[in-house]
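Please read it alongside the model.

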Amino acid sequence: MSVSLMACRRLAGSSKTLHRCGNHGWNANTFPSVTHPRFWRAMSTAFSGSFLDLNFLDEGIAVVAMKRGQNTLRLKVMEEWHKALDAIEKTSECRALVTTGNEKFFSSGFDLQYMETIMDQERQLAQFVDEFNKLIVRLMLYPLPTVAAISGHAFAGGAMLALAHDLRVMRRDQGWVCLNEILIDVTFPPVLLAFIRAKLAPGPLLTQAVLQAKRYTAEEAVKCGIVDQMVDQSQLVNTAAQMANEFLGKHGIKRETLHSFKKGLYSPVLQAYSGQV
């Protein structure tokens, strides 16, 4: 992935209840939506890092909540992502994953201030790109149903993070989804191009999204199939949890079965991916 330094500078509820999941013991309390300001005081946390928290809803739904500013992506952020994903997979009672951000940003993509510090360090830059590809592929193939609850803006790598989920629900009144890499002179590696082709319908949508960097509102994103639903902010995470339960159906889906089907569905992406699955 080539990124010019100049380009880097240009980019600058209804309540649920907690339950015991795996080795984590929480008190049963009601809590508002994860994007509600009171959420952080009312909900116990299974994993808390500098950049994201892992919480659990009832019915075995894990919630990864990105919590730092624009929720930009750097190596330490991706390390926390993998810790959270590992913890979820080790908790056998967990049945699905919901990801969200804060009230303004889902994620605005790469941390460009951090990128400036590694632009002249070829090894670190390559490691960063490899780790981002690894995270996207891992989410794409995750052995549980995944739903992105898009709480605000999702730009560039943040938009790809949302697309890596099986389903997406977006806040109705705020935020854009935008693959704006072409505007900041960021070139997609082959695996991410294959990923985008797998996630977006061919034809005008790909042209608008990739070559024109169109900013999609929630309504526009639903109409063109980028997002599955749009709801009010107060219902965002609860709707995502409902979507995950509907995905699972009455009898659920075995993890190994879902993982195997995803590998088959996204085989063109895996053919372009050089890392381990």
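Two strands pair if DSSP finds at least two bridges between them. Helices (H or I, at least four residues) and strands (E, at least two) are DSSP runs, numbered from the N terminus. This is a predicted model: local features need pLDDT of at least 70, side-chain atom pairs count only at pLDDT 80 or more, and totals for chains, interfaces and linings use all residues. Residues are numbered from 1 along each chain as its sequence is written, and side-chain values use heavy atoms, with hydrogens and water left out.

**Strands**

Start with strand S10 (residues 167–171). Strand S8 (residues 146–150) runs parallel to S10, joined by four bridges. Ala149 has Val169 in S10 as its bridge partner. S10 also runs parallel to strand S12 (residues 229–231), through three bridges. Here Met170 has Met230 in S12 as its bridge partner.

Is S10 buried or exposed? Five of its five residues are buried, so S10 is largely enclosed by the rest of the structure. Buried means under 20% relative accessible area, exposed over 50%, and partly exposed in between (1.4 Å probe, protein chains only).

A three-stranded open sheet has the order S7-S9-S11, with parallel pairing. S7 and strand S11 (177–178) stand at its edges with a single partner strand each, so one side of each has no neighbour in the sheet. S7 and strand S9 (residues 153–155) are parallel and joined by two bridges. The bridge partner of Ser107 in S9 is Ala154.

**Aromatic rings**

Rings of Phe, Tyr and Trp (its six-membered ring) pair if their centres lie within 6.5 Å; planes under 30 degrees apart count as stacked, over 60 as edge-to-face and the rest as tilted. The count comes to three aromatic pairs. Two of them are tabulated here.

| Pair | Centre to centre | Angle between planes | Class |
|---|---|---|---|
| Phe110 and Phe132 | 5.0 Å | 85° | edge-to-face |
| Tyr114 and Phe128 | 5.9 Å | 50° | tilted |

Phe110 lies in the loop between strand S7 (105–107) and helix H4 (112–118), and Phe132 in helix H5 (residues 122–140), so their pair ties together parts 22 residues apart in sequence. Phe110 counts as buried at 11% relative accessibility. Phe132 counts as buried at 0%. The other tabulated pair links Tyr114 in helix H4 with Phe128 in helix H5, 14 residues apart. Tyr114 and Phe128 are buried. Phe110, Tyr114, Phe128 and Phe132 form one aromatic cluster.

On a 1 Å grid over the protein atoms alone, a cavity is a set of points where a 1.4 Å probe fits but cannot get out; a pocket is an open set with protein on both sides within 12 Å along at least five of seven lines; lining residues have an atom within 4 Å of a point. Grid points are joined across faces, edges and corners, and a volume is the space filled by probe spheres set on the points.

The largest pocket has a volume of about 400 Å³. Its lining has 20 residues, and the closest to its centre are Lys134, Val137, Tyr273, Gln276 and Val277. H5 gives the most to this lining, six residues.

The second largest cavity holds about 50 Å³ of space. Its lining includes Leu163, Cys178, Lys214 and Tyr216. Lys214 lies over the face of Tyr216, 5.4 Å from the ring centre. That needs NZ of Lys or CZ of Arg within 6 Å of the ring centre and within 35 degrees of the ring normal.
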